Amino acid sequence: MLVQSITRGRKILIPKNKERDKILLKEAELFVNAVNLYIREVFSWIKDSEFVVKKIDSHGAIILVGNNEYTGPSGGTFYPTTHRKDGTEFPNPRITDTSLKTLFEYVFERYECEQSHALWKANVIAHAGTRISTTYRRFTSNTRKIKLTDYIKSTVRPPQLRNITLAHKKILMKHKDGKLTMQLANRKSLEINDFEIPQKNYDIHKDSFGGNLSLNMKKNQKNHSYTIQYACEKRFHPPSGWVGMDINKDKNFWMTLAEDKEDGLSYIIPKPETISDIEKKKNEIDKSIGNKNRKAISSTIRSKLRKEKKLIENKYERAIREQVGYVIRFLQDSNLGLGLDGLSLKNNYSFGQEKINKILEHLCIANKIAYRNTLAAYTSRDCYSCETRKVKRVKDGLPYVCENPECNKFQVGEVTHINAARNIAKQAKNGFLGSAITGGSTSHSEDSTLL
Ligand SMILES: [Zn+2]
């Protein structure tokens with residue numbers, strides 16, 4: 001068996017309550033304001049600095065190219081950190097999140113949370129770092145290739161959080177004797193003992209954790225929700241090969257699976273008419289519910305529409321599950337691992353990508369089928385065989401033709417979606433094997449070989 005660590009999310013529902021909502025809203029606003037100001041300050045500091053930023057990591061640490069002294073945002077000369085606490089050397093020098101906390105103390109002073117728990121501040125820096133990285137990734141995947149430093153220096157309006165949210169990356173929630181305790185910015189804490197867990201069979205697995213709070217401001221909703229992120233180990237059968245899956249707007253190539261192998265097998269599920277019909281119906285209902293001219297629809301009709309929407313959503317889910325079932329059987333029969341395209345920005349959920357991926361992930365875990373979510377940005381522009389990248393996207397409906405004379409596929413047309421699926425498969429295989437651990441009590445000798 002192959003063991004893989006996977007991040008899962010579980011929801012905790014927090015009922016609305018006037019007094020508590022005030023506290024939660026204030027806490028979330030403080031968090032969003034601190035993150036936003038910090039991002040703006042970091043951008044303007046990097047713009048004025050000489051150092052080159054290679055990366056911002058998940059703690060918000062700024063990884064540098066080169067080891068030169070630098071000037072802090074409020075003046076003063078500093079040196080990057082080159083070694084870990086245990087004395088080992090970092091691959092690249094960095095400005096750690098702890099240093100950043102000190103350098104940007106004025107951000108916390110501005111919101112009167114300089115006395116906050118160190119973890120609370122670390123959390124602001126970590127969340128800001130993640131926000132900068134994801135915005136940068138989205139920017140570069142849009143055909144532009146630009147280094148992180150240059151991206152920051154050329155950006156006039158730094159990314160900002162718009163929704164009121166609260167992200168706890170670090171341990172700021174505690175669970176004890178059936179009560180949750182949230183550590184707040186002002187060093188006080190908030191106790192929550194009327195929470196609910198919607199999933200049966202799930203119990204909060206840890207004494208302390210982080211997660212994301214999303215405040216639900218809609219009047220007809222009863223709860224806010226807090227999503228716990230946790231890592232768990234899952235076991236998978238070692239696959240004898242990998243396929244990638246590309247989900248497309250083009251009905252004929254709706255779900256396209258192709259092997260990580262030149263001229264390897266491919267498997268295509270065109271979008272069934274029944275599903276197109278359900279989608280059409282769903283959009284119509286959404287349109288009438290969302291009709292801006294609210295008076296045009298009475299509340300009785302509106303609630304009828306909502307019921308209808310629920311029914312159609314269930315129908316949609318069942319129809320998708322049926323199609324996904326074929327994919328799972330195909331993977332089992334051929335003993336293949338599955339690569340999913342986790343980069344959903346190009347597709348906007350309009351043809352079920354998010355839904356399909358979610359169901360597939362669950363079924364893969366349940367059936368111990370190796371899978372991997374990839375964040376492959378150029379799958380439709382890179383040649384699978386020689387990895388040459390096209391300057392432009394291939395136009396819809398046209399085949400992918402490689403123009404590299406040294407490539408096995410030179411001037412040979414390949415279905416663009418199949419080429420993309422093969423790229424996803426390649427990435428998934430590398431990512432999965434790069435992080436999988438062999439072993440487990442049920443493993444046989446032939447199982448413990450990485451294929
Ligand atoms: Zn090629």
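Modeller: Strand β13, residues 241–247, runs antiparallel to strand β14, residues 255–259, and five bridges join the two. Within this pairing, M245 has L257 of β14 as its bridge partner. The model is a predicted one, and everything that follows should be read as a description of that prediction.

The β13 and β14 pair belongs to an open sheet of five strands, ordered β15-β14-β13-β16-β17, with mixed pairing. At the edges stand β15 (266–269) and β17 (371–374); each has a single partner strand, so one side of each is left without a neighbour in the sheet. If direction is ignored, neighbouring strands in this sheet are turned against each other by 20° on average.

Two helices pack on the sheet. Helix α8, made of residues 353–367, touches β13, β16 (336–341) and β17, and its direction makes about 150° with that of β16. Helix α9, made of residues 416–435, packs on the sheet as well, touching β13, β14, β15, β16 and β17. The direction of α9 makes about 130° with that of β13.

Next, a helix pair. Helix α6 (residues 273–289) and helix α7 (residues 299–334) have axes that come within 10 Å and cross at roughly 155°. That makes α6 roughly antiparallel to α7, since angles over 145 degrees count as such. The crossing of these two helices is left-handed. On the α6 side, the contact is made by T274, I275, I278, K281, K282, I285, S288 and I289. On the α7 side, R302, L305, R306, E308, K309, I312, K315, Y316 and A319 take part. By type, the residues of the contact between α6 and α7 divide into eight nonpolar, seven charged and two polar.

For another antiparallel pairing, turn to strand β2 (residues 52–56) and strand β3 (residues 62–65), which are joined by four bridges. V53 stands opposite L64 of β3. The two strands β2 and β3 form a hairpin, with five residues between them. In the turn of this hairpin, G60 has a positive phi of about 95°.

How values were computed: Residues numbered from 1 in each chain as written. Predicted model: local features only at pLDDT ≥ 70, side-chain atom pairs only at ≥ 80, totals over all residues. Axes fitted to C-alpha atoms, helices over the stretch in contact; angles between N-to-C directions. Parallel < 35°, antiparallel > 145°, perpendicular 65-115°, else oblique. Left-handed = near helix turned anticlockwise from the far one by under 90°. Contact = placed C-beta atoms within 7 Å. Nonpolar A, V, L, I, M, F, W, Y, C, P; charged D, E, K, R; others polar. Pairing = 2+ DSSP bridges.
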